[in-house]
Amino acid sequence: MRIGKNQKLLFIGDSITDCDRAKPEGEGLFEALGKGYVAYVDGLLQSVYPELGIRIVNKGISGNTVRDLKKRWQEDVIAQKPDWLSIMIGINDVWRQYDTPFMKEKHVCLDEYEETLRTLVIETKSLAKGIILMTPFYIEANEHDPMRRTMDQYGLVVRKIAEETGSLFVDTQSAFNKVLKFFYPAALAWDRVHPSAVGHMIIARAFLKVIGFDWEKENE
């Protein structure tokens with residue numbers, strides 16, 4: 001397992017990460033980590049690796065784009081001094097281009113997205129032991145769907161930045177694609193964006209696989 005003893009793992013992103021987490025600090029008891037994949041990751045890490053004492057913090061905020069992350073990066077990431085940082089952003093950057101097509105000021109186009117995300121990763125790389133980059137996703141099996149096609153382009157940018165910076169890479173879209181062979185998209189997300197419990201577990205499993213989680217590990 002890549003995350004070591006007494007290390008802090010911070011998640012930052014949009015509503016998929018937020019998932020009703022406590023504000024201002026998404027850490028602690030009573031669903032402080034929210035009701036989504038961050039809570040699932042925490043539950044599995046604590047139950048399977050209790051000896052590591054991994055500390056998890058959720059800094060997702062619903063509606064955020066990469067622009068919003070940039071504005072709060074100092075307070076919500078740098079000042080937190082995480083050992084590991086997980087970033088999943090881009091869904092709203094793409095979605096606003098489709099649900100509010102005439103409100104151009106809300107659109108974060110691909111070039112701005114790439115430049116901003118790369119800057120944030122490079123700025124933080126030397127301050128953390130590791131960074132995990134997760135692709136945005138659209139829960140739609142049809143690759144020719146316009147929003148799915150655009151989301152895939154943003155996902156390719158995430159992959160590129162991960163390769164350039166030596167970050168770990170989680171392909172959430174690929175994880176959903178495998179399960180979409182058996183589900184109609186609305187069964188996993190009513191709007192093809194905000195996942196059900198099954199959808200959040202798909203994200204959690206993809207994340208845990210990349211960090212080397214041992215599903216067969218037993219506590220002594």
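**Cysteines, a charged patch and a loop**

Modeller: In this predicted model, Cys109 has a relative accessibility of 45% and counts as partly exposed.

Biologist: What makes Cys109 partly exposed?
Modeller: Exposed needs over 50%, and buried needs under 20%. Cys109 has 45%, so it falls in between.

Biologist: Why is Cys19 called buried?
Modeller: Its relative accessible area is 18%. The limit is under 20%, so Cys19 counts as buried.

Biologist: How many disulfides does a search of the whole structure find?
Modeller: The search finds 0. A pair of cysteine sulfur atoms would have to be within 2.5 Å to count.

Biologist: Where does Cys19 lie, and what is its phi?
Modeller: Cys19 lies in the loop between H1 and H2. Its phi is near 50°, a positive value in a residue other than glycine. Most residues other than glycine have a negative phi.

Biologist: Which phi does Phe30 have, and where is its place?
Modeller: Phe30 has a positive phi of about 55° and is not a glycine. Its place is also in the loop between H1 and H2.

Biologist: Why does Phe30 count as exposed?
Modeller: Phe30 has 80% relative accessibility, and exposed means over 50%, so the term applies.

Biologist: What kind of peptide bond joins Lys23 and Pro24?
Modeller: A cis bond, with omega about 0°. Pro24 lies in the loop between helix H1 (15-18) and helix H2 (37-48). Most peptide bonds are trans.

Biologist: Why is Glu216 called exposed?
Modeller: Its relative accessible area is 68%, and the cut-off is over 50%, so Glu216 is exposed. Glu216 lies in the segment after helix H9 (197-210). Asp214, Glu216, Glu218 and Glu220 gather in a patch of negative charge on the surface.

Key
Residues are numbered from 1 along each chain as its sequence is written. This is a predicted model: local features need pLDDT of at least 70, side-chain atom pairs count only at pLDDT 80 or more; totals for chains, interfaces and linings use all residues. Side-chain values use heavy atoms; hydrogens and water are left out. Buried means under 20% relative accessible area, exposed over 50%, partly exposed in between (1.4 Å probe, protein chains only). Patches are made of residues with over 30% relative accessible area and no salt bridge: like charges are joined within 9 Å, nonpolar side chains (Val, Leu, Ile, Met, Phe, Trp, Tyr) within 5 Å. Accessible areas come from the Shrake-Rupley method with a 1.4 Å probe; for residues, only the protein chains shown count as cover. A salt bridge is a side-chain nitrogen of Lys or Arg within 4 Å of a carboxyl oxygen of Asp or Glu. Lys and Arg count as positive and Asp and Glu as negative; His and the chain ends are not counted. The place of a charge is taken as NZ of Lys, CZ of Arg, CG of Asp or CD of Glu. Helices (H or I, at least four residues) and strands (E, at least two) are DSSP runs, numbered from the N terminus.
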